[in-house]
Amino acid sequence: MTNLEESLRRELLRTNRSGAYSCSTIVDCNTRKYHGLLVVPVPELDDDNHVLLSSLDVTVVQHGAEFNLGLHKYQGNNYSPKGHKYIREFDCDKVPTTLYRVGGVLLKKEVVFQHYEDRILIRYTLVDAHSATTLRFRPFLAFRSVRQFTHENSTASREYNIIENGVKTCMYAGYPELYMQFSKKNEFIFQPDWYRGVEYPKEQERGYASNEDLYVPGYFEMPIKKGESVVFSASTSSIRVSGLKTLFEKEVEERAPRDNFFHCLVNAAHQFHKHEKNDDRYLLSGYPWFRSRARDTFVSLPGLTLAIDEQDYFELVMKTAAKGLREFMADKPLTVHISEIEQPDVPLWAVWAIQQYAKSAGNEKCISNYGDLLREIMEYIIDGGHPNLRLDENGLLYTNGRDRAVTWMNSTANGRPVVPRTGYIVEFNALWYNALMFCSAIEKERGNEELASKLESVAEQTKVSFVDTFLNEYGYLLDYVDGDMMDWSVRPNMIFAVAFDYSPLTQDQKKGVLDVCTRELLTPKGLRSLSPKSGGYNPMYVGPQTQRDYAYHQGTAWPWLGGFYMEACLKLYKRTRLHFIERQMVGYEDEMNYHALGTISELFDGNPPFHGRGGMSFAMNVAEVLRTLKLLEKYTYQK
């Protein structure tokens, strides 16, 4: 904790399952513009999250001497006031808990984010003190979008109102008021000032502007006795302060422990939940800058719900997502907050997600809940309803991706896709064959023989064309084919044709594809997005935005792809690959103590030491690791 080289790269994320979050490093020094103690959506302004309360510095005062436990980075690599040097212990098994020692004073700080409320709660306990002690709390306010910075200005309102054991204030029109309250009476000293030149090194790394000024309206002060606890609340609504201590205890009780690998992942899975006031349920694609995206939702849904025996949440999310899908297929305005639902592979991933539900809940329940939706999706595709998905006579799906990125490899530079995957795309058609076979089996069970036969007939055509089109003489699959244009790059998208329940490939063909993936793409952090032997290999996701755009899918490693790789291994080699896959999982277990604690980063460098990059927590990665753990369990206990 006292070594900033180590502690500043470790982040801690807390969410409230309603879209708001609290995030910083484990020493409470903000290193991203996305960091903040209270970061909330303000739908009246835009679709972004907004940092209201950036941080809260606590100062221990004894015998007139002040010891500030805060930590901020300023320009010129200056850190002040260096409160990290007082940290003696840190633990986040249940809730993040920091123990500070200042001379004879031992102060414990515990933090929770209240579920479904935009309220951060911090409990300070004076564990030990040998003389009279005063605590002083100085709030740093931002009132800005996570994508912008705030700077000293004359527009910011300095007005505040005294409320029960605290104050409320609002810096700019259109923002909600920020209520800061304590469980104990205190004195608020109005001492407005701007702290200038606060610097965020993570933004510097990413080639962005990285400086801002934060407004401090003053400070709260109160005496505290040995053994006494004080709870601080920051929220967009007021609270009865007499209930703060009870509320804190209740929130702690509801927290799942993060005492092992599996529990960390379950906790991370729950952080992607988003519950809107109209009762719609979503999965956020990640933190800190992601919203709910359609493809990510369907890819991650089985792992984040079914793999941890939360079938009910699968159904709630699918209810919202199905509404969005039907609105899109009927060419109606969307009433759900899911982006990129127009991407051509989205309905295919929806079928795959429902297929996983059928394996978990049984075909009967699957048909009851989603039988009609499956039929609607398949008829929509076959009838040519999608504006960018055409079923050709050879049974393959054709997509135009020359001018606009249409697959998960969606990075763009100068308005053009970095990887312009177009025509017959390998995973689209692997998904398509799998969907045809699965839906055919479902329609048979529903007694709809005519549709089942039609789907089977298309599938037979697809199977032959898939092998003819994608399989090359070197034993792996072309990434996409558009007329005479073939992409011979060795990419991970071929793994889906091996991992899915229904594959157009023979056993020997599957083994050939898996062998190439193992030799050229496998890392301890998933599959590389491009083989080192292919042209344009760029494994390090660092530098300014354009540089990172060109590296995003050109060699970086993705854990969610590793999930499908491991599923393919188990399907082909059964129990003989169990130990190999268990060793692969160790690479993810190590991640629980790096980057964002207890979760998995968006992507990793494709070369050693495989540093985590991008977003601090990514839904598809957490989902596929959880699904792999479930598959391991299944194959371990299989007779």
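**View 1. Serine 601 and its contacts in the predicted model.** Leaving aside neighbours within four places in sequence, serine 601 is in contact with His595, Gly612, Arg613, Gly615, Met616, Phe618 and Asn621. The model shown here is predicted. Serine 601 sits in the loop between α15 (578–589) and β32 (603–604). Its relative accessibility is 4%, so serine 601 counts as buried.

**View 2. The whole chain, for orientation.** The chain holds 16 helices and 34 strands. Its radius of gyration is 26 Å, close to the 26 Å that the globule rule gives for 639 residues, so the chain is as compact as a globular protein of that length. Along its principal axes, the C-alpha trace spans about 85 × 55 × 45 Å. Of the 639 residues, 63% count as buried. The chain exposes about 24500 Å², and carbon and sulfur atoms supply 47% of that area. Take the contacts with a separation of 6 or more: residues 24 or more positions apart account for 65% of them.

**View 3. Tyrosine 124 in strand β11.** Strand β11 covers residues 119–128, and tyrosine 124 is found in it. Is tyrosine 124 buried or exposed? At 1% relative accessibility, under the 20% cut-off, tyrosine 124 counts as buried. Not counting residues up to four places away in sequence, tyrosine 124 touches Leu56, Val58, Leu107, Lys108, Lys109, Leu135, Phe137, Ile224, Glu228, Ser229, Val230 and Phe232. One of these partners is Leu135. Tyrosine 124 and leucine 135 are 11 residues apart in sequence, and their C-alpha atoms are 9.5 Å apart in space.

**View 4. Phenylalanine 113 in strand β10.** Phenylalanine 113 belongs to β10, which runs over residues 105–113. Its relative accessible area is 1%, so phenylalanine 113 is buried. Its contacts, leaving aside neighbours within four places in sequence, include Arg14, Thr15, Asn16, Ala20, Tyr21 and Ser22. Leu38, Asp118, Arg119, Ile120, Glu251 and Arg255 are also in contact with phenylalanine 113. How many residues apart in sequence are phenylalanine 113 and tyrosine 21? They are 92 residues apart in sequence, yet 7.6 Å apart in space, C-alpha to C-alpha.

**View 5. An aromatic pair, phenylalanine 143 and tyrosine 175.** The structure holds 40 aromatic pairs. Phenylalanine 143 and tyrosine 175 form one that is edge-to-face, with 5.6 Å centre to centre and 75° between the planes. The pair links distant parts of the chain, 32 residues apart. Phenylalanine 143 is in strand β12 (residues 133–145), while tyrosine 175 is in the loop between β14 (166–169) and β15 (178–182). Phenylalanine 143 has a relative accessible area of 2% and is buried. Tyrosine 175 also counts as buried, at 14% relative accessibility.

**View 6. Charged side chains over rings.** Which residue lies over the face of tyrosine 208? Lysine 33 does, at 4.9 Å from the ring centre. Elsewhere, the charged end of arginine 627 sits over the ring of phenylalanine 564, 5.0 Å from its centre.

**View 7. Helix α7 and the glycine that follows.** Helix α7 has 16 residues, 346–361. At 1.5 Å a residue, it should span 22 Å; its end C-alpha atoms are 22 Å apart, which agrees. Of the 16 residues of α7, 13 are buried, so the helix is mostly covered. Just after α7, glycine 362 takes a positive phi of about 100°.

View 8. Most peptide bonds are trans. The bond from serine 80 to proline 81 is cis, with omega near 5°. Proline 81 is placed in the loop between β7 (78–80) and β8 (87–91). Another cis peptide bond joins tyrosine 287 and proline 288, with omega about 5°. Proline 288 lies in the loop between β21 (286–287) and α5 (294–304).

View 9. Most residues other than glycine have a negative phi. Aspartate 279 is not a glycine, but its phi is positive, about 80°. Aspartate 279 lies in the loop between β19 (273–275) and β20 (281–283). Lysine 574 is not a glycine either, and has a positive phi of about 50°. Lysine 574 sits in the loop between α14 (559–573) and α15. At 42% relative accessibility, lysine 574 counts as partly exposed.

Methods
Residues are numbered from 1 along each chain as its sequence is written. This is a predicted model: local features need pLDDT of at least 70, side-chain atom pairs count only at pLDDT 80 or more; totals for chains, interfaces and linings use all residues. Side-chain values use heavy atoms; hydrogens and water are left out. Helices (H or I, at least four residues) and strands (E, at least two) are DSSP runs, numbered from the N terminus. The expected span of a helix is 1.5 Å times one less than its number of residues. Buried means under 20% relative accessible area, exposed over 50%, partly exposed in between (1.4 Å probe, protein chains only). Rings of Phe, Tyr and Trp (its six-membered ring) pair if their centres lie within 6.5 Å; planes under 30 degrees apart count as stacked, over 60 as edge-to-face and the rest as tilted. A charge sits over a ring if NZ of Lys or CZ of Arg is within 6 Å of the ring centre and within 35 degrees of the ring normal. Contact means heavy atoms within 4.5 Å. The radius of gyration is taken over C-alpha atoms; the globule rule is 2.2 Å times the number of residues to the power 0.38. Accessible areas come from the Shrake-Rupley method with a 1.4 Å probe; for residues, only the protein chains shown count as cover.
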